Every structure is written in structure tokens, then in C-alpha cells.
Amino acid sequence: MADTATTASAAAASAANTSTDAPPFQLGKPRFQQRRLREAVQLLEDYKHGTLHPGVTNEQLWSAQKIKQAILHPDTNEKIFMPFRMSGYIPFGTPIVVGLLLPNQTLASTVFWQWLNQSHNACVNYANRNATKPSPASKFIQGYLGAVISAVSIAVGLNVLVQKANKFTPATRLLVQRFVPFPAVASANICNVVLMRYGELEEGIDVLDGDGNLVGSSKIAARHALLETALTRVVLPMPILVLPPIVMSMLEKTALLQARPRLLLPVQSLVCLAAFGLALPLAISLFPQMSEIETSQLEPEIARATSSRTVVYNKGL
């Protein structure tokens, strides 16, 4: 009996200790996400101020930085809503890509998928923008409408041209239609980035020296940031919207898919997922998020305000 009581007391104490360490309960949310993020941020703060506990490894520091960069905005330090994080771009974007590449689309389905894609892109662009300057909601609405209208107009126009091309055989017309989403999405992505972040061109963005001190606000750096992000948005859909049509045109001729046409959609989804997983790291790696630029290329007042040869700025993602 004594052993039983001791065991029960130990279990109760263990449960009490566990409950003390655990974050407040939230229905439907990961248990340790808040605590892991808080610990990662604290670890990086300790490293920054030279108060790091002995025994902390480089691996732990890299892991902490990875967690922080994946969840928090670098300018505001606020959490980015999961569907609009770059770490959530593949799981939330793949179903949209599958919809964009569906064969034999009607006018209504083309409009719907282009609208959904640019709506998602607009939110991603806004959530990952350079946020050193305030941006009114009216700018977001203007950019969103411009991006959606441009994407839908280009996609519908290209589809109409393809359907009226009498020289194409039905098989060739179907193949060409599968490639229509790429020029529509790529051009609309450029419009999306520029329109969603046009305020940066008007107000400029903050540039920092090597020690993280604010040097000034630069419109030239803002132009570089938007150009780099726009190029990223052109490269990103290349593998996603070009490779799957090529792969699927070959797979559809196989005996397996011809005998089991119900497998077409699952197979296409897997192909799109693989292409997305290849394209996103490739596109993001083109330019670092904290980009560097020589002060001699910026406004004269910024060049005079620092002795640093280069400054850095958050180009956004």
C-alpha cells in the first residue's frame, strides 16, 4: 500500500510539473508550438547580448533561427498566418496548382482558379512584404484587384486564342491549353508584387548598416527589393506550371493510367507537389531576404549618413 501511495504521489507530482511547463491549452492548436517559438527567440536574444548559457551548440542556434525565420516577420516580429508563410506555401499552394492545370477547363473554372491563385499570392506578398513603413488597407485592396483582374484577363484571353486556332489538332490544342497558366500566372505575379507593395516605391524602405543600425529610408533600395521579388515570382511558377504538363502528357499514355483513369488526378497532384517542392527553394534562394547593396548606389544623403561601404535591407519574400 505504501509503495502504491508513493507511486501515485510521484505520478501526481510529475503531472503537476508537466502541467507547469506546458503552455495554456488551445483547442486544435499544436501543444508546443508557442513554447518552442518562445524558446527559440530567447536563445537568439541571449546569443545577441552575449548571455548564452554554456553548452548551447551551433546546431541548436541554427534550429532556433530557422524556427524564428519561418514563423515571425523580420520587421515586425509578429507571427505570420500559417497559409501565408513561405513554409506553408507548398501545402496550401499545391491544391491551387492542381486546379490551374486541370484539362478541358471551362471559362468559369479558369476564372475561379486564377482568382484563387492570385488571392493566395496577394496575401503571401502582403504578409512577407517589407514592413518598415506602414501600409494602408486601401493599398492592399488596390493591389489585390489589379493582380486578380490582370491574371484572369490574360488567362481567359490566351484560352480564347487557343480555342480559335483552327490549325491545331484537338490533342495539340489540349496540350497548349495546359501551358496557358504559366504566362498568365507569371505576368500576373509581377503585377501582384508591384501593386501589393507599391507603397514601398513611394515611401522607401529602411536600410541598415552592418551593426543593424538604421541608416535611412531609400526608394532606390525599394526598387531593388521589388525587382528581386518580382524575378523570384517569375522563376517560381516555371517548374510548377511547365513540368507537370510535360510529365502528365507522357504518363497519360501509359497502360496503367489508360486502364485506370481515376488515378489521373492523384498522380497529377503528386507530380505538382514534387514540382512545387523543387521550385520553391530554388526561387527563394535566388536572392537572400536580407539583401546587401553598396551605399554608393543609393541616395547621396544615405551615403553621407554612414561610413559602411554596404548596407542591408529586407527585400521581402
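Tutor: In this predicted model, the helix that gives the most to the lining of the largest pocket is α3, which contributes 8 residues. The pocket holds about 1600 Å³ of space, and among the 39 residues that line it, those closest to its centre are Gln65, Lys68, Gln69, Pro74 and Met290. If you look for the elements that each supply at least two residues of this lining, you will find α2 (33–48), α3 (58–71), β1 (205–208), α13 (264–284) and β4 (310–314). Sorted by class, the lining of the largest pocket is made up of 18 nonpolar, 12 polar and 9 charged residues.

Rolling a probe the size of a water molecule over the atoms shows where empty space is left. A search of the whole structure for cavities of 30 Å³ or more finds 2, and the largest cavity contains about 150 Å³ of space. Its lining consists of 15 residues, and the ones nearest its centre are Tyr89, Val97, Asn117, Ile240 and Phe276. At least two lining residues come from each of α4 (89–100), α5 (107–127), α8 and α11, with α4 giving the most, namely 5 residues. When the residues around the largest cavity are divided by class, 10 are nonpolar and 5 are polar, while no charged residue is found there.

On the α8 side, the contact is made by Pro181, Phe182, Val185, Ala186 and Asn189, and on the α11 side by Pro237, Met238, Leu241 and Val242. Of the residues in this contact, 8 are nonpolar and 1 is polar, and none is charged.

Helix α11 also packs with α10 (residues 219–235), where the angle is about 15° and the axes lie 5 Å apart, which makes α10 roughly parallel to α11. Here α10 brings Arg233, Val234 and Val235 into the contact, and α11 brings Pro237, Met238 and Pro239. By class, this contact of α10 with α11 has 5 nonpolar residues, no polar ones and 1 charged residue.

Finally, consider charged side chains that pair. Side chains of opposite charge can pair when their charged atoms come close. Searching the whole structure for salt bridges gives 1, and in it the side chains of Glu294 and Arg309 meet at 3.3 Å, N to O. This pair links distant parts of the chain, since Glu294 sits in strand β3 (residues 290–294) and Arg309 in the loop between α14 (300–304) and β4, 15 residues apart.

Notes:
Residues are numbered from 1 along each chain as its sequence is written. This is a predicted model: local features need pLDDT of at least 70, side-chain atom pairs count only at pLDDT 80 or more; totals for chains, interfaces and linings use all residues. Side-chain values use heavy atoms; hydrogens and water are left out. On a 1 Å grid over the protein atoms alone, a cavity is a set of points where a 1.4 Å probe fits but cannot get out, and a pocket is an open set with protein on both sides within 12 Å along at least five of seven lines; lining residues have an atom within 4 Å of a point. Grid points are joined across faces, edges and corners, and a volume is the space filled by probe spheres set on the points. Helices (H or I, at least four residues) and strands (E, at least two) are DSSP runs, numbered from the N terminus. Ala, Val, Leu, Ile, Met, Phe, Trp, Tyr, Cys and Pro count as nonpolar, Asp, Glu, Lys and Arg as charged, and the others, Gly among them, as polar. Contact means heavy atoms within 4.5 Å. A salt bridge is a side-chain nitrogen of Lys or Arg within 4 Å of a carboxyl oxygen of Asp or Glu. Axes are lines fitted to C-alpha atoms, for helices over the stretch in contact, and angles run from 0 to 180 degrees between N-to-C directions. Angles under 35 degrees count as roughly parallel, over 145 as roughly antiparallel, 65 to 115 as roughly perpendicular and the rest as oblique.
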